[in-house]
Amino acid sequence: MTIAFAGASPHSTRPRFLVRVAMTDLRRRLLLSSCVAAAAAGSAALLWRRGGPRSDAAAPPPAPTPATDPFAAPLRIPSADGLLGEIAVDGALTLVAKQADFSIFPGAPTRLWHYAARVGERTIANPLLRVRAGESLAVTLRNELSEDTTIHWHGLLVDEANDGSGLHPVAPGAQANYHFPVRNRAGLYWYHAHPHGRTGLQLQRGLAGLLLVEDDEELALRETLSLTWGERDLPLLIADKQVDEVNAIVYREDGADDWIGNRVFVNWTPQPHLDVTPALYRFRIANVANARMWRLAFQHRGRSLPFQLIGTDGGLLERPWPVEDLFLAPAQRADVLVDFAGVPAGERVLLRSLDYVAMENEDESGAFAPDPMGDHPGATPMGAALDVMEFRVAATGGERAASPLVPSQLSTLPPLPDTAGWTTRALRLRMDSEGTWFINDWNFRKDGHAPAFRIERGSREVWEIRNSMTSMPHPVHLHGFVFRVLSRRVSPMDLRARQVADGGLTAQDLGWTDTLVVWPGEVVRIAIDFSQPYSGVQRYMFHCHNLEHEDMGMMVTFAVTD
């Protein structure tokens, strides 16, 4: 990795964003029980089904009834074929964007949009791709959908042509070739559709997969910890989706807002369980939800089981950090170690998203708006506690072996740079009185593809990102580059309680990053090195990874030039 330092159009009348204005956190708490009860009774106004309109008079479909055991399904683990099959990439690969039915719930199959691959006799959907750092990735995308799509290589250091943003859509019946060297450190990255204005819909319907980059340092750590990939070293791809009574994934196409679901998936398994031995496990967690932020904790007998954070978006941290929970916003990843050795055989550990203050503070109208949960029947509101999956500790039949000692140093990262003399670029995240999201005064649906600013290749900048108080947490993502977090100011109490380093930094801020949460009222400074081995004009995106915000234009194009 070559890094130098150590509803509607914004022009229309008020869009659907305003169904959520002025809803305080207190109101969210009071609405929680009534929202869920109303959804179960089928009284919420539902105007869609499987992406199509419904009559206002039609009753909404009830949420699926879970099995008696809410964690009945075994976790899907990447295997040779099928959904989330694994491919060790050692040559050219073709991925076909298409639709097909999959058995996810009991009963009717679920139609997924997905990337399909054929490797010999194997048929794989949304494959987990494994590649070595320094090797080339050569993927052909063939589009068999009825609309434009792409593959965005999230977090990878690539040129514009290989970035897979909506700047280069692949039309129905067409194909595109992505071919680039993997210049990133080892870590868990991912790929997903990124067509302008349709990203939220296409990810909700399924177009996303994981990309595991490996290098010698990573493989050495795996050996030190005696962890075998696919056994006690596992990916956990977490998302929530709206699912109706016939197991179909549904999405409102005419102005979806902060899309949250009534079913939770891990590795495309609804609320699964995993049988574990009383030993150390490593979980590579990726949040691929449209909008939901999780506060993840491992709980045993109602108490949080301490675990260790060892990596984030851009790979390993310098050292492990003990934590009891962590926030994971859309597009973020966390690499964690969990030791089940102290849990008695036959008992269970719950992976849960704990209650937190969601800080959805949009208040431009001065009056309470209609219930925002009407679009999300049966969904747990943002910030409320939500069960994700369960771990069932098995008996060993003998004495328990001691867990391996986790190294005190995992990797070597360059120190935060001295940014004196660097250009500082101020960016503000805000919403106007019409409910339109902006980055400064830019909204992609208003301003289009033209770069809002240009940066000389090889230069280094500090971006100071300020989120308005009358806002909500925004997970902002930078294409084509990674960055380091320099400081946080005016952070909410939840963040201040997690400070572990000067400048208000949390453990999650201490590595290379490509997606960053900026909370309402907060000011976060990041350092970016714009060195790259490309020439000419390279255009990239900077946007909110709440996908409905992105689709409504909370995205800006910038150019890196000679």
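**Figure 1. The largest nonpolar core of the predicted model.** In this predicted model, the largest nonpolar core holds 66 residues, and Phe283 and Trp463 are the ones that touch the most other members. Strand 26, residues 386-393, contributes five residues, the most of any element in this core. A separate core of 58 residues lies apart from it and includes Val89, Leu129, Val131 and Ala176.

**Figure 2. The surroundings of phenylalanine 283.** Neighbours within four places in sequence are left out of this view. The remaining contacts of phenylalanine 283 include the leucines Leu234, Leu236 and Leu274. Phe298, Phe340 and Phe391 are also in contact with phenylalanine 283, as are Val336 and Val338. Ala334 and Asp335 complete the list of contacts.

**Figure 3. The whole chain, for orientation.** The chain has 562 residues, and 61% of them count as buried. Its secondary structure consists of seven helices and 38 strands.

**Figure 4. Aspartate 275 in strand 17.** Strand 17 spans residues 273-276 and contains aspartate 275. Aspartate 275 counts as exposed because its relative accessibility is 54%, above the 50% cut-off. With neighbours within four places in sequence set aside, Tyr281 and Arg392 are in contact with aspartate 275. Leucine 75 is 200 residues away from aspartate 275 along the chain, yet the C-alpha atoms of the two are separated by 8.8 Å.

**Figure 5. The second largest pocket.** The space in this pocket comes to about 400 Å³. Its lining is made up of 27 residues, and those nearest the centre are Leu326, Arg498, Thr506, Ala507 and Gln508. Two or more lining residues come from each of strand 21 (307-312), strand 22 (315-323), strand 23 (326-328), strand 33 (499-501) and strand 35 (515-518). By class, the lining of the second largest pocket has 14 nonpolar, seven polar and six charged residues.

**Figure 6. The largest cavity.** About 110 Å³ of space lies in the largest cavity. Its lining includes Ala291, Ala329 and Ala358, together with Met293, Met382 and Met472. Pro330, Pro473 and Pro475 line the largest cavity too, alongside Tyr356, Glu360 and Asn546. Ten of these lining residues are nonpolar, one is polar and one is charged.

**Figure 7. The second largest cavity.** This cavity has a volume of about 80 Å³. It is lined by 13 residues, of which Gly187, Leu188, Arg284, Thr312 and Asp335 are closest to its centre. Strand 12 (187-192), strand 18 (280-287), strand 22 and strand 24 (333-339) each give two or more residues to the lining. The lining of the second largest cavity divides into five nonpolar, three polar and five charged residues. Asp335, one of the residues closest to the centre of this cavity, is also among the contacts of phenylalanine 283.

**Figure 8. Two residues with positive phi.** Most residues other than glycine have a negative phi. Asparagine 247 has a positive phi, near 70°, and is placed in the loop between strand 14 (233-241) and strand 15 (263-266). Asparagine 247 counts as buried because its relative accessibility is 7%, under the 20% cut-off. Tryptophan 268 also has a positive phi, near 65°. The loop that holds tryptophan 268 runs between strand 15 and strand 16 (269-270). With a relative accessible area of 5%, tryptophan 268 is buried.

Key: Residues are numbered from 1 along each chain as its sequence is written. This is a predicted model: local features need pLDDT of at least 70, side-chain atom pairs count only at pLDDT 80 or more; totals for chains, interfaces and linings use all residues. Side-chain values use heavy atoms; hydrogens and water are left out. On a 1 Å grid over the protein atoms alone, a cavity is a set of points where a 1.4 Å probe fits but cannot get out, and a pocket is an open set with protein on both sides within 12 Å along at least five of seven lines; lining residues have an atom within 4 Å of a point. Grid points are joined across faces, edges and corners, and a volume is the space filled by probe spheres set on the points. Helices (H or I, at least four residues) and strands (E, at least two) are DSSP runs, numbered from the N terminus. Ala, Val, Leu, Ile, Met, Phe, Trp, Tyr, Cys and Pro count as nonpolar, Asp, Glu, Lys and Arg as charged, and the others, Gly among them, as polar. A nonpolar core is a set of buried Ala, Val, Leu, Ile, Met, Phe, Trp, Tyr and Cys residues joined through side-chain atoms within 4.5 Å. Buried means under 20% relative accessible area, exposed over 50%, partly exposed in between (1.4 Å probe, protein chains only). Contact means heavy atoms within 4.5 Å.
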